[in-house]
Number of protein chains: 2
Amino acid sequence: MYKIVEWKKDKVVMIDQTLLPTRVVYRTYNDYKAVAKAIKELVVRGAPAIGVAAAMGIALGAKKIKQTTLKDFKREFKKVATTIAKTRPTAVNLFWAVKRMNDIVEEFTGVNIDTLKKKLITEAKNIHREDIDRNKSIGKHGGRLLKTNSTVLTHCNAGALATAGYGTALGVIRGAVAAGKNIKVFADETRPVLQGARLTAWELMQDNLDVTLITDNMAGYMMREGLVDCVVVGSDRIASNGDVANKIGTYTVAVLAKAHGLPFYVAAPTSTIDMAAKSGDDIPIEERSSKEITHVRGKRIAPVGVKTLNPAFDITPARLVTAIITEKGVIKPPFKAGIKKQFAKKKK
Amino acid sequence: MYKIVEWKKDKVVMIDQTLLPTRVVYRTYNDYKAVAKAIKELVVRGAPAIGVAAAMGIALGAKKIKQTTLKDFKREFKKVATTIAKTRPTAVNLFWAVKRMNDIVEEFTGVNIDTLKKKLITEAKNIHREDIDRNKSIGKHGGRLLKTNSTVLTHCNAGALATAGYGTALGVIRGAVAAGKNIKVFADETRPVLQGARLTAWELMQDNLDVTLITDNMAGYMMREGLVDCVVVGSDRIASNGDVANKIGTYTVAVLAKAHGLPFYVAAPTSTIDMAAKSGDDIPIEERSSKEITHVRGKRIAPVGVKTLNPAFDITPARLVTAIITEKGVIKPPFKAGIKKQFAKKKK
């Protein structure tokens with residue numbers, strides 16, 4: 001079984017998602033700056049996986065700090081955390097993970113820096129383990145929403161590869177299958193970075209699940225032909241009102257689902273919910289390189305010098321969302337109250 | 001200025017649209033079977049351009065028939081026409097052009113086969129010339145619908161490259177610009193064959209028109225951001241009730257336009273209207289090779305053995321269409337009556 005992000009012999013090991021599905025290559029990182037670069041360049045991607053990689057990157061950076069007083073250590077630690085936090089703007093799990101690591105340092109009262117370093121490594125491993133557990137819970141809750149012999153359309157990759165393992169949207173599918181249901185999947189290829197074609201198709205095929213790859217612009221056709229029963233996607237950040245930031249094209253799929261009377265489900269751990277964001281308007285949308293549009297896998301497909309726009313995410317307003325599935329259960333509208341309630345539960 | 005399809009020194013010359021925009025290569029055809037292959041393999045594409053290429057291919061095939069009696073000639077001609085007609089199923093202009101060429105043979109009463117061959121070449125040239133004239137009329141009528149300082153979103157390529165010249169959807173944009181209006185264009189890249197990225201972006205840049213290339217799944221985002229004022233697309237076949245067959249993804253754009261209250265215009269010559277098709281249900285949808293989905297410009301982007309679907313077209317129901325623009329004017333709903341009226345006018 002492939003691993004997505006791992007803490008191994010005091011190094012960070014990640015499967016290189018930029019090379020999938022044609023090559024399966026693992027990269028070993030011994031430097032937090034290289035981890036930051038890997039996050040930026042999509043070696044690891046998917047909001048929960050970014051969170052895990054960020055935590056491990058910080059643990060790696062912290063481990064190598066040479067300063068021995070707590071004050072000096074904290075100054076160096078801040079550099080590490082800031083570098084990791086600056087990699088990508090939209091996925092809130094990144095900032096959530098950075099905060100968890102930071103809290104460990106802030107709460108530290110001991111004098112032995114080595115102890116603190118070990119605590120940070122443990123916390124990164126906890127974030128990793130908890131993410132898998134959370135995804136399995138998401139799968140259990142969400143799996144109940146899927147009918148047997150139904151076809152789910154998904155966009156981008158919110159699978160094992162987008163998380164520590166098991167996946168969010170694909171976790172829901174895995175949960176339904178684990179409950180004995182017969183589920184087929186349509187995977188949107190998801191231009192420009194082709195996470196659907198390269199990652200979702202690959203990981204579902206690894207599990208012998210029934211997946212059919214289509215181009216993004218075929219989703220409407222498939223729905224009109226009656227070939228889709230519901231949509232399940234992941235999220236990079238959910239505002240407190242239920243607006244959902246996710247891979248560019250998610251909003252288009254949501255509009256299509258609404259027009260065809262199909263349920264539109266969002267699966268994400270509570271670490272993806274940003275209570276500070278009142279609505280989608282508060283979520284920054286990353287604009288990525290023009291080359292992602294003008295080239296595919298290194299091959300030029302557009303005229304030299306053509307103008308492009310490349311927003312990597314879009315906002316699906318809460319009114320188009322049927323339910324949000326977290327590890328704590330299924331939230332139905334009105335989302336503001338439901339989300340608040342789950343967060344109240346969270347405080348143990 | 002680039003030419004799309006041309007009758008030159010008793011041969012057919014076409015720009016190879018599979019190589020654009022990275023290479024501008026003209027191919028010369030001296031054999032109707034090679035023209036048929038070129039149509040199949042998208043060297044020439046776009047409903048009106050396919051019609052012109054079909055007529056020229058038939059003229060080429062007819063010219064080379066060695067049989068000297070009318071009966072023998074007709075038998076050989078039928079083979080030529082059938083080969084050309086079988087290349088692609090959706091664009092009705094193909095069958096319309098074959099019929100026009102066939103009518104020349106059917107109506108022929110002379111004894112000199114050479115005269116008939118010349119008549120066929122003349123008819124093919126007429127189809128070519130008329131198509132450009134029709135597109136300029138479409139541009140004049142349609143250009144009036146566009147407001148100055150507005151942004152048009154278009155899907156696929158319904159430009160000069162899809163016709164004998166000037167274009168249908170892009171003809172409307174050229175018509176508005178010719179009338180002094182300031183128009184910006186969003187071009188959907190149009191997976192899987194990337195006619196938007198490769199052809200629409202290229203030909204608009206050749207004319208110094210303001211074009212921004214986006215992936216198909218960004219159309220919804222751009223509309224929600226208020227960056228799109230209307231949609232103009234071409235068509236491969238329009239049913240008598242106003243249902244529109246066009247490049248896969250057009251239906252998705254039409255649903256999005258409706259959801260955002262934006263006009264959705266279809267520009268096509270009357271040769272694209274199929275009075276025999278009562279609705280979109282009567283229009284065959286071509287299913288193309290899986291390789292178009294799994295590879296981009298020869299590069300594999302999906303796992304080996306992945307299942308795919310590849311419908312090359314979809315149907316946009318008439319209820320999502322704001323107006324159909326033909327060379328005879330603008331048809332508004334109810335389309336059935338409006339289309340019938342234009343066809344009554346047609347009979348001179």
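## A lysine and its surroundings

Tutor: Setting aside residues up to four places away in sequence, B:Lys117 touches B:Ala62, B:Lys63, B:Ile65 and B:Phe73. Touching, or contact, means heavy atoms within 4.5 Å. This is a predicted model, in which local features need pLDDT of at least 70, side-chain atom pairs count only at pLDDT 80 or more, and totals for chains, interfaces and linings use all residues; side-chain values use heavy atoms, with hydrogens and water left out. Residues are numbered from 1 along each chain as its sequence is written, while chains are lettered from A and ligands numbered from 1 in the order in which they are written.

B:Lys117 sits in helix H5 (residues 113-143) of chain B. Helices (H or I, at least four residues) and strands (E, at least two) are DSSP runs numbered from the N terminus. B:Lys117 counts as buried because its relative accessibility is 12%. Buried means under 20% relative accessible area, exposed over 50%, and partly exposed in between (1.4 Å probe, protein chains only). B:Lys64 is 53 residues away from B:Lys117 in sequence, yet their C-alpha atoms are 8.9 Å apart.

Now to a sheet in chain B. Strands E1, E2 and E3 of chain B form an open sheet in that order, with antiparallel pairing. Two strands pair if DSSP finds at least two bridges between them. The edges are strand E1 (5-8) and strand E3 (26-29) of chain B, each pairing on one side only. From one strand to the next, the twist averages 25°. Strand E2 (residues 11-15) of chain B is joined to E3(B) by four bridges. Across that pair, B:Met14 stands opposite B:Arg27, and B:Ile15 stands opposite B:Tyr26. Four bridges also link E1(B) and E2(B), again antiparallel. There, B:Val5 stands opposite B:Met14. The hairpin of E1(B) and E2(B) has two residues between the strands, and B:Lys9 takes a positive phi near 50° in it. E2(B) is largely enclosed by the rest of the structure, because four of its five residues are buried.

Helix H2 (residues 47-63) of chain B packs on E1, E2 and E3 of chain B, and its direction makes about 25° with that of E1(B). Axes are lines fitted to C-alpha atoms, for helices over the stretch in contact, and angles run from 0 to 180 degrees between N-to-C directions.

Next, the sheet that spans both chains. Eight strands form an open, mixed sheet in the order E17(A)-E16(A)-E10(A)-E7(A)-E4(A)-E5(A)-E6(A)-E14(B). Its edge strands are E17 (329-331) of chain A and E14 (307-308) of chain B. Strand E6 (residues 210-214) of chain A runs parallel to E14(B), joined by two bridges. In that pair, A:Leu213 has B:Thr308 as its bridge partner. Helix H9 (residues 250-259) of chain A packs on the sheet, touching E4, E5, E7 and E10 of chain A, and makes about 145° with E10(A).

A:Thr212 also lies in strand E6 of chain A. With 11% relative accessibility, A:Thr212 is buried. E5(A) is mostly covered, with five of its six residues buried. E4(A) and E5(A) run parallel over five bridges, with A:Val152 opposite A:Val185.

Then the cores. The largest nonpolar core has 126 residues, and those with the most contacts inside it are A:Leu146, A:Val232, A:Phe264, B:Leu146, B:Val232 and B:Phe264. A second, separate core of 55 residues includes A:Phe73, A:Val80, A:Val105 and A:Leu116. A nonpolar core is a set of buried Ala, Val, Leu, Ile, Met, Phe, Trp, Tyr and Cys residues joined through side-chain atoms within 4.5 Å.

Last, the voids. The whole structure holds five cavities of 30 Å³ or more. The largest cavity is about 240 Å³. Of its 30 lining residues, A:Arg45, A:Gly46, A:Cys156, A:Asp236 and A:Lys247 are the closest to its centre. Helix H2 (47-63) and strand E9 (244-247) of chain A each supply at least two lining residues. A cavity is a set of points on a 1 Å grid over the protein atoms alone where a 1.4 Å probe fits but cannot get out, and lining residues have an atom within 4 Å of a point. Points join across faces, edges and corners, and volume is the space filled by probe spheres set on them.

Technical notes
On a 1 Å grid over the protein atoms alone, a cavity is a set of points where a 1.4 Å probe fits but cannot get out, and a pocket is an open set with protein on both sides within 12 Å along at least five of seven lines; lining residues have an atom within 4 Å of a point.
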